[in-house]
Each structure stands twice: as C-alpha cells, then as structure tokens.
Amino acid sequence: MKDFLKYFFGQGTEIEFTNFTLAHFLPILLMIGVILLISRFRKPLADCKWEKNIRHILAFLLIFSEMSYYWRLVAIPELGPNPVDHLPITVCGWVVVFASYMLLGKSQTLFDLCYFWLLSGSVFALLTPTVISYTGPTRFRYYQFWVEHTLGYVAVFYMIFVHKMRPTIKSAVKAYIGLGILATIAYFVNDMLPGANYLFMARPESTPSVLDILPPNFALRLLVMVAAITVLFVLAYLPWYLKDRKAKTVACV
C-alpha cells in the first residue's frame with residue numbers, strides 16, 4: 001500500500017501524458033457536458049432550495065483541489081515546494097481562489113476577473129497542459145490538475161446561466177489591469193529567482209506547448225503575449241457585444 005501511495009502521489013521520470021489523446025480530451029469533454037447540463041437546467045437550478053449548497057460544494061472542490069496540490073508537495077520530500085516553481089503567481093491558481101469566493105458571495109467583480117482570465121490565459125492550460133507531462137492518468141497530479149482547471153469554467157458558466165451574470169467593457173478593463181499587475185509581479189520574480197518562469201514570460205517550457213511559438217527574446221515575447229491576450233479579451237467579449245447589438249436593433253424596430 002505504501003508503495004502504491006508513493007507511486008500515485010509521486011511524479012514520473014518519463015513523459016506519461018501526451019497532448020491530444022483520450023487522456024487529454026476526456027476531461028475537457030466532461031467539462032463541456034457539465035456546462036451544457038447547467039445551461040439546460042438553469043431554471044430548476046435557480047429555483048432549487050439547495051442552490052446555495054451547490055455553490056458551496058463547487059467552491060469547496062475548487063479550494064480543495066488547489067490546496068491538495070501544495071499538500072502533496074509538502075508530504076513528498078523529493079517533490080518539495082520551492083520558490084522557483086511553486087509561488088502563487090499563476091493565472092490558474094488565482095482563478096481558483098477568485099472563483100471560490102465568487103461562488104460564495106456571488107461577486108460580480110470576481111466574476112469579471114475569472115471570466116476574462118479563464119478565456120484569455122487558463123485556456124492555454126487546457127490546450128497544452130505541459131505541467132502534467134510527467135504525470136499521466138495513473139497519478140494523483142493528473143486528476144488534481146483537471147479538477148482544478150475544469151471546475152473554474154464550470155463555476156463561471158454556472159454564474160452566467162443560473163445567476164445571469166455577464167461581463168461588460170468595464171469588466172474587461174478591470175481584468176486587463178489585474179492581469180497586468182500579476183504579470184509585473186511575475187516579471188520581477190522571474191528576474192530575482194534564477195530558473196523561475198512564471199506566466200511563461202521568461203522562456204519556453206521544456207515540454208511541447210502552444211506557447212512554443214513565442215520568440216525567445218524577452219521584448220518580442222512580451223509584445224506577442226500582450227497582443228495575443230488583447231485579441232483573446234476581444235474574442236471573449238465579442239458574443240456579449242453582438243448580443244447587445246442585436247437587442248438594440250430589435251428594440252429600434
């Protein structure tokens with residue numbers, strides 16, 4: 001049993017997870033399925049007397065998944081946390097925290113941050129989850145990663161469908177400024193800690209990623225990242241812009 005636990009919670013030495021396989025697509029398909037169910041049953045969920053409990057359970061699962069990541073590092077000496085890799089300077093990590101409090105307090109401000117950060121930053125973690133390359137479906141880290149990253153989307157779309165929350169232009173501005181602050185912190189930490197690569201600003205990762213297309217030169221890398229994030233922010237807001245424009249057109253008829 002001890003050997004099994006050591007293996008399950010440990011990390012492999014060879015690549016165990018490969019992008020664009022069943023192990024990659026299945027968690028994403030499950031997430032989409034849950035979101036579609038929430039959309040389909042939005043009215044019963046909104047009227048359900050247990051609705052508050054549903055939000056609390058989602059918030060608990062988000063926090064538990066994030067904390068279990070650090071508990072695992074502390075419990076296994078060879079994985080031990082170090083400031084080069086494990087400081088709380090990640091978009092995905094903060095989305096988990098913000099989404100949890102968003103669910104508990106139905107906060108519009110936290111919804112704004114989560115919506116744009118998920119669709120402009122965390123989406124890359126779903127497309128090419130490089131951080132789990134050495135931990136496939138037989139490892140705890142695989143499940144922790146997917147629960148943490150998919151539940152953020154479930155939480156945001158839950159608030160959209162059940163509580164009718166939506167982003168605005170002002171939301172985008174707040175989220176953009178917040179992301180700029182986090183990027184500034186990441187830049188100084190990367191500069192101070194040799195080997196640190198928070199927000200992938202310093203260099204490409206060692207395993208294949210969609211971010212490999214970024215140039216190694218820092219100035220060009222930063223410029224491309226800012227341009228890409230700006231485009232993704234626009235795309236994330238575009239459905240709502242089109243919806244508002246259609247509503248105004250109908251109202252004028």
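Of the 253 residues of the protein, 43% count as buried (under 20% relative accessible area, with exposed meaning over 50% and partly exposed in between; 1.4 Å probe, protein chains only). The model is predicted, so local features require pLDDT of at least 70 and side-chain atom pairs pLDDT 80 or more, whereas totals for chains, interfaces and linings use all residues. Residues are numbered from 1 along each chain as its sequence is written, and side-chain values use heavy atoms, without hydrogens or water.

The protein contains nine helices and zero strands (DSSP runs of H or I of at least four residues, and of E of at least two, numbered from the N terminus). The radius of gyration, 19 Å, is close to the 18 Å that the globule rule gives for 253 residues, so the protein is as compact as a globular protein of that length (taken over C-alpha atoms; the rule is 2.2 Å times the number of residues to the power 0.38). The C-alpha trace spans about 65 × 50 × 30 Å along its principal axes.

Helix α8 covers residues 169-192 and includes Met 192, which is exposed at 60% relative accessible area. Among the buried residues of α8 are Leu 179, Leu 182, Ala 186 and Val 189.

Zero disulfides are present (pairs of cysteine sulfur atoms within 2.5 Å). Cys 114 is buried, at 0% relative accessible area, and its sulfur is 11 Å from the closest cysteine sulfur, that of Cys 92, too far for a bond. Cys 48 is partly exposed, at 28%.
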